[in-house]
Every structure is written in C-alpha cells, then in structure tokens.
Amino acid sequence: MNIIPLVKHLSMYVNLTEKEIELLSLMTRIQTLKKNEFVVKEGEICMYDSFITKGCVKIFQTDESGKEHIISFAIENWWALDMYSFMGKLPASYSIQATEDTELIQFTREQYDLKYEVIPKLNLFTRKMLEKS
C-alpha cells in the first residue's frame with residue numbers, strides 16, 4: 001500500500017521510523033473515487049478520516065430546496081471529513097463528494113484512535129496542525 005504522500009505530509013512535524021511507517025500502512029485503506037462519488041452524504045455517519053493523495057473533493061450542505069452550499073474544497077495533501085460525525089458516530093452535517101477522480105488514504109475511527117496509541121508522536125503532528133489552522 002502506497003502511503004508515501006501521507007508520510008511526506010506527516011514529516012512537516014514528525015519523522016517516522018520504517019517500523020512506524022509499516023504500522024501506519026497496516027491501519028489505512030486506499031480508496032479511489034470517480035468524479036461525483038461520495039465519501040459521505042449529509043445525514044449518513046462519516047466512517048472515514050480521509051487524506052487526499054490525488055484529486056479534489058467538495059464539502060457542502062444542501063438546503064431544503066436542493067441547492068448546494070459549498071463550505072470548502074479539499075485538494076491533494078489535505079484532509080477531508082465531517083469531524084463531528086466521525087468522532088461522535090452521528091449523522092453528518094456535510095456531504096463530501098469528489099469533483100474529479102480522487103484517491104484517498106483513509107482511517108476508520110478505530111484505526112484513527114489506534115494510530116495515536118501505536119505511534120504516539122502523531123499526537124504532536126495533530127496538535128501542530130490544529131495550532132496552524
């Protein structure tokens with residue numbers, strides 16, 4: 001499984017050992033979306049924290065009349081998820097849809113939690129990213 005783009009992204013704040021990279025690769029899945037396919041639809045449970053390695057997704061809400069309101073776009077080397085839904089296993093407030101063919105590295109909630117236990121230095125990465133945002 002090719003997680004090199006993710007490892008490069010993580011290296012902004014932490015350097016992983018070969019063993020840690022191997023462990024991380026065991027906790028991920030690669031997902032390919034065609035244009036217009038969804039990571040999650042509004043009202044569903046967001047099952048994945050997704051890192052985009054190729055392509056682009058839009059994060060949006062749909063109003064009662066069916067009009068889309070785009071919150072943001074996520075491009076290569078960005079993360080995309082409905083955090084509230086993902087963390088709480090609650091209905092998503094947003095839809096996340098590919099605007100072009102897109103490749104993702106994904107973590108389930110269990111894998112998300114496990115990566116911090118198995119590779120504690122990832123806590124530093126997440127803290128630094130939050131401070132930057």
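This is a predicted model: local features need pLDDT of at least 70, side-chain atom pairs count only at pLDDT 80 or more; totals for chains, interfaces and linings use all residues.
**Figure 1. Overall fold of the protein, with five helices and eight strands.** Read from the N terminus, the elements follow the order α-α-β-β-β-β-β-β-α-β-β-α-α. Along the principal axes, the C-alpha atoms fill a box of roughly 50 × 30 × 25 Å. The radius of gyration is 15 Å, which agrees with the value near 14 Å that a compact globule of 133 residues would have. Of these 133 residues, 39% are buried. Among contacts between residues at least 6 apart in sequence, 73% join residues at least 24 apart.

**Figure 2. Charged side chains of the protein.** The protein carries 16 positive and 19 negative side chains. The centres of the two sets lie 4 Å apart.

**Figure 3. The open sheet of four strands, in the order β1-β8-β3-β6.** Pairing in this sheet is antiparallel. Strands β1 (29–33) and β6 (79–80) stand at the edges and have a single partner strand each, so one side of each is left without a neighbour in the sheet. In a regular strand, side chains alternate between the two faces of the sheet.

**Figure 4. Strand β8 and its pairing with β1 and β3.** Strand β8 (residues 102–107) is joined to strand β3 (residues 49–54) by five bridges, and the two run antiparallel. Five bridges also join β1 to β8, again in antiparallel fashion. Q106 in β8 has S50 opposite, and R29 likewise stands opposite Q106. Strand β8 is mostly covered, with five of its six residues buried.

Figure 5. I105 is the bridge partner of F51. With a relative accessibility of 1%, I105 counts as buried, the cut-off being under 20% relative accessible area. Leaving aside residues up to four places away in sequence, I105 touches N2, I3, L6, T28, R29, I30, D49, S50, F51 and T53. D82, by contrast, is 23 residues from I105 in sequence, and their C-alpha atoms are 16 Å apart in space.

**Figure 6. N36, a residue with positive phi in the loop between β1 and β2 (38–40).** Phi of N36 is about 80°, although the residue is not a glycine. Is N36 buried, partly exposed or exposed? N36 has a relative accessible area of 45% and is therefore partly exposed, since this class lies between the limits of 20% for buried and 50% for exposed residues.

**Figure 7. N77, a residue with positive phi in the loop between β5 (68–75) and β6.** The phi value of N77 is near 70°, in a residue other than glycine. N77 is partly exposed, its relative accessible area being 37%.

Note on methods. Residues are numbered from 1 along each chain as its sequence is written. Side-chain values use heavy atoms; hydrogens and water are left out. The radius of gyration is taken over C-alpha atoms; the globule rule is 2.2 Å times the number of residues to the power 0.38. Buried means under 20% relative accessible area, exposed over 50%, partly exposed in between (1.4 Å probe, protein chains only). Contact means heavy atoms within 4.5 Å. Lys and Arg count as positive and Asp and Glu as negative; His and the chain ends are not counted. The place of a charge is taken as NZ of Lys, CZ of Arg, CG of Asp or CD of Glu. Two strands pair if DSSP finds at least two bridges between them.
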